[in-house]
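Please look over the sequence and the model first.

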Amino acid sequence: MRVPAVVRGPAISLSPSVLALYAAFSLGRMLAAYVLSLIFALVYGRLAAYNPRAEQVLMPLLDVLQSVPILSFLPVVLLGLTSILPQGAAAEIASIVLIFTSQAWNLTFAWYQSLTTIPKELREASAIYRLGPWMRFKTLELPFAAISVVWNSMMSWAGGWFFLMAAETFTVGQRDFRLPGLGSYLAVAANQGNLTAIAWGIGTLILLIVALDQLVWRPLLAWTERFKLEMVGGDERPSTSWFYEMIREARLVGLFTDRVWRPLGEALDRSLNRRFPPLTRPRSGRQSRNWLFTAAAGIFWLGMIYGVDRLIGMLLSLPLFEWGQVGLGLLATLARVLISLLIALAWTIPVGVAIGTNPRLAGILQPIVQITASVPATALFPAFLLLVVGVTGGLNIAAVFLMLMGTQWYLLFNIIAGAAAIPQDLKYTATMLQLGRWERWRTLILPALFPYIITGAITAGGGAWNASIVAEYVQFSGKTLQTTGIGALISQATARGNYPLLLVSTLSLILTVVLINRLFWRRLYGLAESRYRME
Amino acid sequence: MDQAAASKGAPLAQLSHISQIYTNGRKRFVAIQDVNLTVSEGEFVALVGPSGCGKSTLLRILTGLQPPTEGQVLYRGDLLNDVNPHAAIVFQTFALFPWLTVQENVEVALKAREVPAKMRTSRALDLLDRVGLDGFETAYPRELSGGMRQKVGFARAMAIEPELLCLDEPFSALDVLSAESLRGELLELWQSGNIPTRTILMVSHNIEEVVLMADRAVIMDKEPGRVIANLNIGLAHPRQRKDQAFLEVVDRVYGLLAGQTQPEHIELGAMPGELGRLRGLPDVPINDLAGLLEHLAEEPNNRGDLYRIAEHLGLDSDHLLTLVEAAELLGFATVAQGDITLTPLGETFAEASILARKEIFASRLKRFPFYKWLLSMLREADQHRLRRGVIQTALEREFPPDEVDQQLNTAIDWGRYTELVSYDDDDDVFYLEPAGG
């Protein structure tokens with residue numbers, strides 16, 4: 001692949017006065033990517049949920065897509081875009097697409113999962129009362145999925161912030177792209193070793209994230225309370241939000257709802273109902289649209305054959321030496337992932353149990369933990385690097401640190417939830433039996449936590465592999481630091497435009513993650529589900 | 001007096017030669033076999049039968065929610081190929097949208113039919129009024145009791161003024177008292193002509209409920225699901241549960257549903273893999289069965305009327321009939337004309353000690369073809385152990401997919417009780433106990 005001459009993006013200013021503008025740019029990109037993710041999720045999830053034949057292709061594909069590391073998408077996206085768009089626009093769109101790849105997959109899974117778990121009788125009620133596709137979407141599907149979609153949106157945004165730096169500054173071959181934004185500000189500040197600028201950048205980022213949390217996510221969570229399905233009031237504490245209460249009580253909002261929103265909604269419902277009448281029942285035979293499906297399948301398979309052909313060509317062109325590097329890199333990264341998981345488990349289990357079983361402690365620590373967890377570890381990474389860069393194996397320590405920072409929160413939140421869910425009766429029983437501290441942990445707490453630990457560890461493990469890409473290869477103080485690892489190989493291959501190496505390392509990373517999930521985590525998860533789930 | 005019967009008119013909905021067949025590999029399972037049914041205008045028809053006889057599926061086929069494998073559905077003489085726009089369903093689990101208020105839940109059905117906003121509201125309020133829910137318009141379903149939720153279900157169904165109102169076990173998820181009061185209120189609404197709907201089709205597994213409400217009972221049996229009788233209930237409303245005439249009809253339905261105990265080789269059926277029907281294990285807790293036998297042992301002549309036993313023990317007719325089936329299969333009781341009589345073996349069982357009961361039960365279970373087959377498989381297996389999956393695959397050739405799990409679980413339960421067969425839940429393995437070898 002031929003690459004044009006060096007392209008430099010606009011210079012990134014490090015003056016604090018540009019931060020507001022940069023923050024707005026980044027927010028805009030995140031928002032665009034999120035809207036894109038949402039549309040993708042709604043369409044893709046719906047196709048997979050309602051069309052059994054499409055499901056057989058789409059769901060495994062999604063499984064693979066979500067384990068493709070973000071940077072591996074870059075060359076494909078960018079080369080594709082630059083061929084049809086001017087450089088500036090192409091870079092901007094590429095950045096949005098990159099953020100999209102860190103947001104879309106879990107949202108799609110959540111939507112698909114919700115659609116497939118809607119109770120049968122609610123579906124039948126919608127059919128017999130002739131709700132058209134729009135009404136069904138509005139009164140059944142969207143409300144049913146609302147809670148899960150909002151939670152997953154929050155996770156998607158966290159994922160987006162994590163990879164913001166990578167999505168706003170990237171090097172492909174000899175081309176160096178920089179888009180003005182918070183991520184590039186932090187990246188340039190780190191590259192120049194400018195501590196003041198790093199502090200400014202992190203401060204702005206935290207402010208932005210906390211503001212979004214308070215003004216968008218908390219109110220949304222409080223609002224989705226109404227979509228809880230259980231018919232009896234559960235004993236879980238409902239989500240609350242001061243901002244949501246404020247909006248609800250504001251007069252102007254009430255007026256707007258009554259005068260504008262309701263009539264508008266009514267008109268919209270009417271016109272959409274007319275346009276999309278209730279679906280007719282699928283015939284027992286399936287003749288219609290068959291040719292369409294066949295055509296789509298044909299194009300898909302032709303594309304696949306072409307792709308596989310190119311793929312094999314690329315695989316064959318990779319020298320043996322680099323294959324060895326890939327194997328070595330996988331082992332090194334695996335070791336780091338394991339170490340970071342062990343460290344995370346070592347501290348999150350005691351702390352999570354303490355928070356989960358002690359409401360007073362939870363009241364104090366929960367908000368602190370939530371804010372700490374929402375700061376993307378990649379932003380703190382350069383500051384941490386400054387500390388350890390002189391030490392032997394400094395980057396190794398820093399890489400484990402970044403993986404840890406990015407993943408420990410999943411574990412902690414799951415363990416807190418698990419500890420809070422241990423039934424009081426069992427705790428009383430343990431006390432009455434006068435179980436010693438160790439016996440109590442062995443017979444009650446650890447078995448009860450097991451399913452939660454597994455759930456948290458699966459997510460954390462996947463996140464750690466993905467984080468290796470930004471953790472093992474860093475541009476810092478004008479130098480490029482790198483250590484042995486599959487993430488470093490992927491980053492380096494991207495930067496140098498070594499596409500065969502990029503392909504092989506990406507594929508082997510995906511294969512490893514999928515294999516570990518299938519052979520290891522899935523079994524443990526099955527065990528957790530069948531033996532340790534409290535009902 | 002009998003207004004409903006008097007206004008009975010032309011056929012409204014008709015099922016003609018309906019069959020529902022599932023295929024699993026080469027094996028076919030007939031869930032519903034050649035059912036013909038006509039619901040006429042102004043009629044209250046009840047479909048009654050044991051669980052698994054396909055009555056709820058028939059209701060879905062009749063309303064067009066589900067296409068039948070074979071046969072035709074006619075509505076007013078026309079072929080029905082889609083969801084019937086003139087029908088409404090009241091569901092067993094209410095199927096209300098939890099995020100909509102009571103009023104919105106009723107209105108949503110009208111909105112889908114493009115009824116303008118103002119008319120929608122007035123119609124919804126009027127109906128909620130009639131079912132006795134005025135004052136609860138702004139409540140969410142989760143704030144209501146089961147009975148009140150089902151009232152919302154009724155209001156929603158009536159809001160679209162259906163020609164055919166279908167009720168899918170509408171009272172079975174309610175407690176006894178609210179079910180009873182709701183039945184009364186529905187009958188009153190229907191008979192007073194306060195709702196435009198004249199024709200009702202109700203699916204039920206509760207015999208008393210059917211005799212209390214319907215003009216006609218269509219009685220179904222399972223394996224395969226089919227209609228075994230059509231019974232006109234010629235009783236005037238309001239019906240009294242204690243009336244002799246009422247009890248006679250109940251007795252007759254019990255008689256039809258419980259059937260007559262056949263000679264043992266027919267009752268027990270064939271072995272798996274052989275020609276002929278394999279009898280599954282009835283889904284019955286052993287304690288309940290013992291309780292029934294003990295009750296019978298205290299009756300004069302060890303005999304009882306099924307409907308009286310149901311009343312006396314407060315049992316759902318469906319549950320009682322499953323227990324009776326199990327007692328027949330195991331040779332503990334015989335059934336004829338709606339009466340059940342304890343056999344000498346059943347009497348011995350009822351009076352035996354805990355350990356002796358296990359032995360009696362085990363000796364009967366060993367004669368049961370399905371269990372005989374299971375025991376011989378285990379005897380031939382390496383170390384007398386078999387993985388659950390192996391047995392499951394074998395059973396999938398004999399039972400419909402959703403029944404295999406239930407059969408396995410009952411086999412484990414009964415095996416553990418009799419100490420013939422045991423099961424290791426960690427490894428999903430069946431293994432033979434010394435008593436079973």
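This is a predicted model: local features need pLDDT of at least 70, side-chain atom pairs count only at pLDDT 80 or more; totals for chains, interfaces and linings use all residues.

The secondary structure of chain A consists of 21 helices and 4 strands, whereas chain B has 17 helices and 16 strands. For the 437 residues of chain B the globule rule gives 22 Å, and the radius of gyration is 24 Å, close to that value, so chain B is as compact as a globular protein of that length. For chain A, a compact globule of 535 residues would have a radius of gyration near 24 Å, and the value of 25 Å agrees.

| Chain | Property | Value |
|---|---|---|
| Chain A | Span of the C-alpha trace along the principal axes | about 70 × 60 × 50 Å |
| Chain B | Box filled by the C-alpha atoms along the principal axes | roughly 75 × 50 × 45 Å |
| Chain A | Buried share of the 535 residues | 35% |
| Chain B | Buried share of the 437 residues | 41% |

Contacts can also be sorted by their separation in sequence. In chain A, 77% of the contacts with a separation of 6 or more are between residues 24 or more positions apart. In chain B, 69% of the contacts between residues at least 6 apart in sequence join residues at least 24 apart.

## Domains of chain A

Chain A is divided into domain 1, residues 1–279, and domain 2, residues 320–535. The centres of these two domains of chain A, taken over C-alpha atoms, are separated by 24 Å. Domain 1 of chain A gives 32 residues to the contact between them, and domain 2 of chain A gives 30 residues.

On the domain 1 side of this contact, the elements of chain A that each supply at least two residues are α3 (70–82), α7, α8 (164–168), β1 (169–172), α9 (182–191) and α10 (195–224). The largest share of that side, 8 residues, comes from α10(A). Sorted by class, the side of domain 1 of chain A that touches domain 2 has 24 nonpolar, 7 polar and 1 charged residues.

## Domains of chain B

Chain B is divided into domain 1 (3–257), domain 2 (282–363) and domain 3 (368–436). Between the centres of domain 1 and domain 2 of chain B, taken over C-alpha atoms, there are 33 Å. Their contact takes 13 residues from domain 1 of chain B and 10 residues from domain 2 of chain B.

Two or more residues of the domain 1 side come from each of α7 (207–213) and α8 (244–258) of chain B. With 7 residues, α8(B) provides the largest share of that side. The side of domain 1 of chain B that touches domain 2 of chain B divides into 6 nonpolar, 4 polar and 3 charged residues.

## Where the chains meet

Chain A and chain B each bring 27 residues to their contact. On the side of chain A, at least two residues are supplied by each of α6 (120–128), α7 (133–162) and α12 (251–275). The largest share of this side, 6 residues, is from α6(A). By class, the side of chain A that touches chain B has 13 nonpolar, 6 polar and 8 charged residues.

Just after α3(B), E114(B) takes a positive phi of about 60 degrees.

Methods: Residues are numbered from 1 along each chain as its sequence is written. Chains are lettered from A and ligands numbered from 1 in the order in which they are written. Two residues are in contact if their C-beta atoms, placed from the backbone, lie within 7 Å. Ala, Val, Leu, Ile, Met, Phe, Trp, Tyr, Cys and Pro count as nonpolar, Asp, Glu, Lys and Arg as charged, and the others, Gly among them, as polar. Domain bounds come from an automatic or database domain assignment. The radius of gyration is taken over C-alpha atoms; the globule rule is 2.2 Å times the number of residues to the power 0.38. A residue is buried if 20 or more other C-beta atoms lie within 10 Å of its own, exposed if 12 or fewer, and partly exposed in between; C-beta atoms are placed from the backbone.
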